[in-house]
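Visitor: I would like to go through the terms used for this structure and the grounds for each. Please show it.

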Amino acid sequence: MKRWGITIPLTGVPLAAHKEMVQELPDLGYTDAWSAETAGNDAFTPLVLASQWAPQLRLGTAIVPVYTRGPGLLAMSAATVAELAPGRFVLGIGASSPVIVKNWNAAEFEAPFARSRDTLRFLRSALAGEKVTETYESFSVSKFRLERPADPPPSIMLAALRPGMLRLAAKEADGAITNWLAASDVPKVRAEIGPDTELAARIFVCPTEDKAAARGLGRMLISSYLTVPVYAAFHEWLGRGEALAPMREAWAAGDRQKANQVIPDEVVDDLIVHGSLDSCREQVQSYVDNGLTTPIIALLPTGEDPFAQVRGLAPR
């Protein structure tokens with residue numbers, strides 16, 4: 001099945017005002033709606049609404065951090081959405097980043113690989129309705145059982161950037177979710193997980209032919225994200241280490257303006273889809289052509305009507 005996803009909610013649009021657009025998504029050709037979770041809406045509430053507005057859509061979290069909720073609460077939240085969208089909910093989990101986990105949520109960001117793996121294993125058991133008493137490497141759980149396990153239990157996908165986590169996703173999860181990559185990077189990521197594992201990626205799309213404006217917004221996002229150690233390491237692995245070194249050096253020196261300025265245009269154009277609506281749609285399709293299973297469009301604000309842009313980015 002060909003998949004085509006959108007990130008909800010859209011920037012600057014009140015959550016309740018999404019109803020008409022979400023109802024329209026299946027008729028436009030969208031198969032998926034995915035949420036995110038940083039410092040805006042939580043990941044689950046928008047999907048609860050979407051489950052009632054558009055029962056045809058598959059719904060997913062990309063992603064919920066494994067540190068910011070206890071294991072039991074994470075299972076309860078997932079089971080709730082899975083009950084509302086039976087067979088149509090994908091729980092995407094991941095390590096997130098020290099800023100979100102430690103600075104904003106007062107949790108320790110320790111052993112991200114082990115914590116992600118252990119949370120995945122706990123959720124497999126808990127969401128199946130089993131009573132879980134287990135000492136994992138990174139936490140322990142005693143006598144937890146969901147009172148309302150969903151039937152069927154939701155799929156679980158794992159946020160993964162580099163080979164170790166990608167292979168874990170392929171081996172133990174129902175797929176891998178990645179982020180901040182170019183269409184040309186997809187084959188390298190795909191090679192780590194094999195041909196049959198679902199691979200989803202959030203793709204930042206700025207539908208404007210004002211190249212300078214798109215690149216300006218793209219530079220701000222790139223310097224904010226790709227200076228985070230896990231993303232810096234990801235792009236080292238992808239081969240952009242040298243191109244992004246001046247940005248990282250300026251950022252580390254506290255000069256954010258210079259950090260933005262020294263990002264090469266080619267890097268921005270690789271990582272931020274921009275241009276006309278038709279061009280943007282074709283660029284998203286190129287990710288699929290290179291091996292991506294599920295593109296998740298993240299619409300960047302341009303000042304134009306975002307609902308019209310969502311319609312214009314629908315698959316042809």
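Guide: Two strands pair if DSSP finds at least two bridges between them. Helices (H or I, at least four residues) and strands (E, at least two) are DSSP runs, numbered from the N terminus. The model is predicted: local features need pLDDT of at least 70 and side-chain atom pairs count only at pLDDT 80 or more, while totals for chains, interfaces and linings use all residues. Residues are numbered from 1 along each chain as its sequence is written, and side-chain values use heavy atoms, with hydrogens and water left out.

Visitor: What makes strand S2 and S3 a pair?

Guide: Strand S2 (residues 32-35) is joined to S3 by 4 bridges, and the definition asks for at least two. The two strands run parallel. Within this pairing, Trp34 has Gly60 of S3 as its bridge partner.

Visitor: How do you know that S3 also pairs with strand S5?

Guide: There are 2 bridges between S3 and strand S5 (residues 89-94), again a parallel arrangement, and at least two are required. Here Gly60 stands opposite Val90.

Visitor: Why is the unit of S2, helix H2 and S3 called right-handed?

Guide: A crossover is right-handed if, with the strands pointing away from the viewer, the path from the first strand over the helix to the second runs clockwise. S2, helix H2 (residues 45-53) and S3 form a β-α-β unit of that hand.

Visitor: Why is H7 called roughly perpendicular to H9?

Guide: Helix H7 (residues 186-193) and helix H9 (residues 229-238) pack at about 100 degrees, with axes 10 Å apart. Roughly perpendicular covers 65 to 115 degrees (under 35 is roughly parallel, over 145 roughly antiparallel, the rest oblique), so H7 is roughly perpendicular to H9. Contact means heavy atoms within 4.5 Å; H7 supplies Lys188, Val189 and Glu192, and H9 supplies Phe234, Trp237 and Leu238. Axes are lines fitted to C-alpha atoms, for helices over the stretch in contact, and angles run from 0 to 180 degrees between N-to-C directions.

Visitor: Why is Ile203 called buried?

Guide: Buried means under 20% relative accessible area (exposed is over 50%, partly exposed in between; 1.4 Å probe, protein chains only). Ile203 has 2%, so Ile203 is buried. Ile203 lies in strand S10 (residues 198-206) and, leaving aside residues up to four places away in sequence, touches residues including Val273, Tyr287 and Ile297.

Visitor: Which residues of H9 are buried?

Guide: In H9 these are Tyr231, Ala232, Phe234, His235, Trp237 and Leu238. They pack against several elements, among them H7, helix H8 (211-225) and helix H10 (241-252).
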